[in-house]
Amino acid sequence: MPAQIICGKTISAQVRGRLKEEVEGMRMTHPNFKPGLVVLQVGDRDDSNLYISMKLKAAAEIGINAVHVKLPRTASENEVMRSVMEVNKDSKVHGLIVQLPLDSIHTINTERIINTVAPEKDVDGLTSINAGKLARGDLGECFIPCTPNGCMELIKQTGVSLAGKRAVVIGRSKIVGAPMHDLLLWNHATVMTCHSKTADLASEVGKADILVTGIGKPEMVRGEWLKDGAIVIDCGINTITDNSRPSGKRVVGDIHYDSAKEKAAFITPVPGGVGPMTVAMLMQNTVLSAKHFLRAQEPGIWHINYTKLNLQRPVPSDVAISRSCVPKPIECLAKEIGLFSDEVELYGRTKAKVQLKTIDRLQAQPDGKYVVVTGITPTPLGEGKSTTTIGLVQALGAHLKLNAFACVRQPSQGPTFGIKGGAAGGGYSQVIPMEEFNLHLTGDIHAITAANNLVAAAIDARMFHEATQSDK
């Protein structure tokens, strides 16, 4: 009995329809949100252009904002890496694909470029981190490479349980063979990976309940090799000469389709089998990444690692306490409270400005409580506004585990010249590093001072010249 054909086009259309509904659901609760995808291409290969056009078309159909970034063939490895890192920082992008191969006149380390992609945006599932998680069986914590994931969806459509089945994967590439092995294994199949050095390949294929090929050799696997009733998934895309076609060639898989369909129970065609599913799984990973992003932005308790104070008796001087503390890198703190790298402008390791555009992203979140510490007369021990403010936020944050921030203004030059108290607070309730806080912070106050002095000098000059010179 001829095999039942597993149509990738039909199944991928169903997946895309489901994803479109999910994206529309996101827009219902987050009107200004749209999943973002960037396809980064180097060069102008015709096959890459074809694949990219298919991805962009699928993304538009689902409601994903897909952008094609195209670098010339003259792009160097550093230029490609710079483009990847820029996308990594863009909070509007949730998925990044580096289209392979990289068509450059320069030598580019593909592995290095792939591993520059942020793992949380690696919707191709090719970084070492995602590959490692897949190999360990952490399927819910990684992005699964699109072609193997599409193969699994096709296998599931047969209704056959994988548990205990013998599976054979031909090919060990990082894109198909190796992750396919891991995926089958963690779905409880007994897996054998075959390759160019495998002895008696036909014998191994004959034992397979499930066969997946990805070797790039046209029609190498013959139907007589197969076990009766096997599930056959063909990932191969090869061209052979065919004088009956206007182009003089046609696309075939790694399996001899006509002979294989007589022995298999289920088989995928080429084209129209795995290819459409690969694109569908790419879209699925992008939508999944967007969901992770939204989930991370939901209001909740910040996961801050608070620095533990080493209290001493008697209490040391303010400057001794300030210098004894090791400040947490400000970019680490920004990440802990949910700010993105493109929303924070760093000034060294301990200072940063938050971009005003952050308000737009957070406008849907509920407002917090605003507590004002007004002008007070300091106690004999020196506790004033600053010490009370900082001590209060320490109690709310480090002890009560509430989301809390202290907002204090830039100190005047009084503390610097020793004519007033330390505006950084005091004791164990102070801003560190004290010296940087009291002197200049990000330099904004100096810019204001310079602008004020420039205007004053201009006015002085104008008044002097008007008073001492004639109109002529």
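This is a predicted model: local features need pLDDT of at least 70, side-chain atom pairs count only at pLDDT 80 or more; totals for chains, interfaces and linings use all residues.
Buried stands for under 20% relative accessible area, exposed for over 50%, and partly exposed for the range in between (1.4 Å probe, protein chains only).

Residues are numbered from 1 along each chain as its sequence is written, and side-chain values use heavy atoms, with hydrogens and water left out.

I checked confidence next, as pLDDT (the predictor's confidence in each residue, from 0 to 100). The protein has a mean of 90, and 97% of its residues reach 70 or more. Confidence is lowest in helix α15 (residues 434-439), at a mean of 77, and highest in strand β2 (residues 36-42), at 97. Helices (H or I, at least four residues) and strands (E, at least two) are DSSP runs, numbered from the N terminus.

I then listed the contacts of Leu184, with contact meaning heavy atoms within 4.5 Å. Leaving aside residues up to four places away in sequence, Leu184 touches Met152, Ile155, Leu162, Ala167, Val169, Ala189 and Val191.

I turned to helix α14 (residues 385-399), whose 15 residues reach 20 Å from first C-alpha to last, close to the 21 Å expected at 1.5 Å a residue. The expected span is 1.5 Å times one less than the number of residues. Its buried residues are Ser386, Thr387, Thr389, Ile390, Val393 and Gly397. They cover an arc of only 165° around the axis, so they lie on the same side of α14. The arc is that of the directions from the helix axis to the C-beta atoms. The buried residues of α14 pack against β14 (425-426) and β15 (429-430). Just after α14, I found Lys401 with a positive phi of about 60°.

Finally, I examined Gln365, in the loop between α13 (358-362) and α14. Gln365 is partly exposed, at a relative accessible area of 27%. Not counting residues up to four places away in sequence, Gln365 touches Gln297 and Pro299.
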